[in-house]
Amino acid sequence: MKLFVYHTPERTPEHEVPDCAIAVDALRATTTMATALASGAEAIEVFADLDALQAAAAHYPATQILKAAERGGSKVEGFDLGNSPFDYTVETVAGKRILMSTTNGTRALQRIQAAPLVLAAAAINLEAVVKVLTREQPEIIWIVGAGWQGSYALEDTVCAGAIAQELKSHCEWGNDETVAALALYEQWQDHLEGLFCLSSHGQRLLRLNCREDIAYCARRSIVEAVPRQISPGVLAL
Ligand code: MLT
């Protein structure tokens with residue numbers, strides 16, 4: 001296996017498709033997706049655009065779906081759910097298909113959807129993601145941070161570094177970003193929550209009173225659920 005880390009979807013090579021691509025949006029989209037599937041959601045369908053989400057929703061019976069949308073960290077008015085993992089309880093999401101659009105996370109997933117194996121990773125499902133990789137041994141792996149509107153996000157890169165550390169003895173490093181991500185993780189591994197709070201999106205979430213969300217997103221390997229693309233833009237277990 002050879003591991004390449006990209007800090008944002010925009011930094012991925014344009015005309016290449018890896019054997020496996022992993023989207024990381026630790027605060028909070030991929031954390032929320034893993035939580036939703038762990039709570040029994042049937043699948044998550046991702047949209048970069050709210051109009052496309054609404055148009056797709058019209059094709060489902062209303063009882064079968066929940067519409068989730070976040071912009072700038074806040075729930076979009078008129079949608080059933082925002083992007084807090086605490087909204088995705090068993091009572092709310094079990095058996096439902098979640099149609100979801102977030103500022104950056106769903107865009108990252110759309111960027112990598114041509115890969116034969118697409119996963120969504122976060123700190124909360126770290127070990128489970130590593131298990132999938134060691135079992136399936138894809139040759140070329142991209143870990144793609146969602147970032148924030150095209151810019152670097154500390155929390156995504158540190159999670160990429162956590163995956164790199166777990167794979168250390170099974171993988172070659174493909175680019176300098178992988179080594180940098182690993183160094184960031186090694187520096188902060190005992191203070192992940194502190195780093196998340198320091199990050200610019202962490203600061204935004206603190207201003208939105210989402211302290212508990214950050215604490216949850218910084219926990220490691222607490223769920224087994226690994227969102228995996230089953231058809232373009234649709235993730236399930
Ligand atoms: C995103 O997609 O940018 C996010 O997950 C933002 C958030 O809701 O925290």
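Entry 1: I started with the largest cavity and noted a volume of about 50 Å³. I kept in mind that this is a predicted model. Next I asked how many cavities of 30 Å³ or more a search of the whole structure finds. I got one.

Entry 2: I then listed what lines the largest cavity: D25, L27, R28, A29, E70, N83, T102, T103, N104, G105, W148 and H201. Sorting that lining by class, I wrote down six polar, three charged and three nonpolar residues.

**Entry 3: where the ligand is.** Where does the ligand sit? I found it in the largest cavity. Around the ligand I have 13 residues, and R28, N83, T102, N104 and H201 come nearest. These five names are also in my list for the cavity lining. By class, the shell around the ligand splits into six polar, four nonpolar and three charged residues.

Entry 4: I went through the oxygen atoms of the ligand and looked for N or O partners. For R28, I noted a side-chain N or O atom 2.8 Å from a ligand oxygen. For D25, the side chain again supplies the N or O atom, and the distance to a ligand oxygen is 2.9 Å. T103 takes part through its backbone, with an N or O atom 3.4 Å from an oxygen of the ligand.

Note on methods
Residues are numbered from 1 along each chain as its sequence is written. This is a predicted model: local features need pLDDT of at least 70, side-chain atom pairs count only at pLDDT 80 or more; totals for chains, interfaces and linings use all residues. Side-chain values use heavy atoms; hydrogens and water are left out. A residue is near a molecule or strand if one of its heavy atoms lies within 4 Å of it. A polar contact is a pair of N or O atoms within 3.5 Å; within protein, one must be able to donate a hydrogen and the other to accept it, and residues adjacent in sequence count only if both atoms are side-chain atoms. On a 1 Å grid over the protein atoms alone, a cavity is a set of points where a 1.4 Å probe fits but cannot get out, and a pocket is an open set with protein on both sides within 12 Å along at least five of seven lines; lining residues have an atom within 4 Å of a point. A molecule sits in a cavity or pocket if more than half of its atoms lie within 2 Å of its grid points. Ala, Val, Leu, Ile, Met, Phe, Trp, Tyr, Cys and Pro count as nonpolar, Asp, Glu, Lys and Arg as charged, and the others, Gly among them, as polar. Grid points are joined across faces, edges and corners, and a volume is the space filled by probe spheres set on the points.
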